[in-house]
Amino acid sequence: VIVPTYNRCVFVMEAVCSVISQTFRDFDLLVVDDGSTDETGDFLEPMGEWLRYVRKPNGGESSARNRGILEAKTDYVAFLDDQDLWESNFLEVTMEHCRRHPEVGLVATTSSAAPGGTHRPCLKDSVLQGDLYPVLVMRNLVSPSGIVVKRECFERVGVFNESLYQGADYDMWLRIARAFPTASINQPLCQRRRH
């Protein structure tokens, strides 16, 4: 689980707690601090038994995600933005889907606005799976905080494009969807916080 963060010490603690509270327990948690100037390090370093804390010079969100990919040693990588939260069964649901469908490169869940906001995006089916590239070109169904990606995807399509000011996550999902079957599970297991 990769949590990139920058100057959001209070929010990132809540995000970390939502990972630690997962019903699926076989994970490593990596927080990549993208050069924060607040108390993020003071908050996170004492949590060493729960997470690995990596500090790097500020380079932007894509740079922090890429550092996390480089540091991660697992077959699957999940992302959680520092202001967002997971429902306690996020990893259980997504990893079970990965186990049952090893051909899938990316598994996404839907999300809701926190606290208690609307379910986004609204899908008709419980699961969309297969060649979702045409669907994703028309509409981005993937929240950066609601995905699990097979490491093989990054080896084939590369990492996040650090030269893009906006949309680097959408660019990544499109590249993965062109190369691998993808899945979107119609369960709002991620809470997006806007502030």
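**Pockets and cavity of the predicted model**

The lining of the second largest pocket consists of 13 nonpolar, two polar and six charged residues, where Ala, Val, Leu, Ile, Met, Phe, Trp, Tyr, Cys and Pro count as nonpolar, Asp, Glu, Lys and Arg as charged, and the others, Gly among them, as polar. The structure is a predicted model, in which local features need pLDDT of at least 70 and side-chain atom pairs count only at pLDDT 80 or more, whereas totals for chains, interfaces and linings use all residues. Residues are numbered from 1 along each chain as its sequence is written, and side-chain values use heavy atoms, with hydrogens and water left out.

At least two lining residues each come from H3, strand S4 (76-79) and helix H4 (90-100), with S4 giving the largest share, three residues.

The largest pocket has a volume of about 910 Å³ and is lined by 35 residues, among which Glu 61, Arg 65, Asp 81, Gln 83 and Pro 144 lie nearest its centre. Strand S1 (2-5), helix H3 (61-71) and helix H7 (168-179) are the elements that give two or more residues to this lining, and the largest share, five residues, belongs to H3. The lining of the largest pocket comprises nine nonpolar, 13 polar and 13 charged residues.

Helix H3 is itself mostly covered, since eight of its 11 residues are buried (under 20% relative accessible area with a 1.4 Å probe, protein chains only). Among these buried residues are Arg 65, Asn 66 and Ile 69, and the buried residues of H3 pack against S1, strand S2 (30-33), strand S3 (52-55), S4, helix H6 (151-157) and H7, with contact set at heavy atoms within 4.5 Å.

A search of the whole structure finds one cavity (points where a 1.4 Å probe fits but cannot get out) of 30 Å³ or more. The largest cavity has a volume of about 50 Å³, and the residues that line it include Leu 106, Leu 132, Val 142 and Thr 182. Strand S6 (106-113) and strand S10 (182-192) each supply at least two lining residues, the largest share, three residues, coming from S10. The lining of the largest cavity divides into seven nonpolar, two polar and no charged residues.

How values were computed:
1 Å grid on protein atoms, 1.4 Å probe; cavity = no way out; pocket = protein on both sides within 12 Å on 5 of 7 lines; lining within 4 Å. Points joined across faces, edges and corners; volume = space filled by probe spheres on them. Helix = DSSP H or I, 4+ residues; strand = E, 2+ residues; numbered from the N terminus. Buried < 20%, exposed > 50% of the residue type's maximum accessible area, 1.4 Å probe, protein only.
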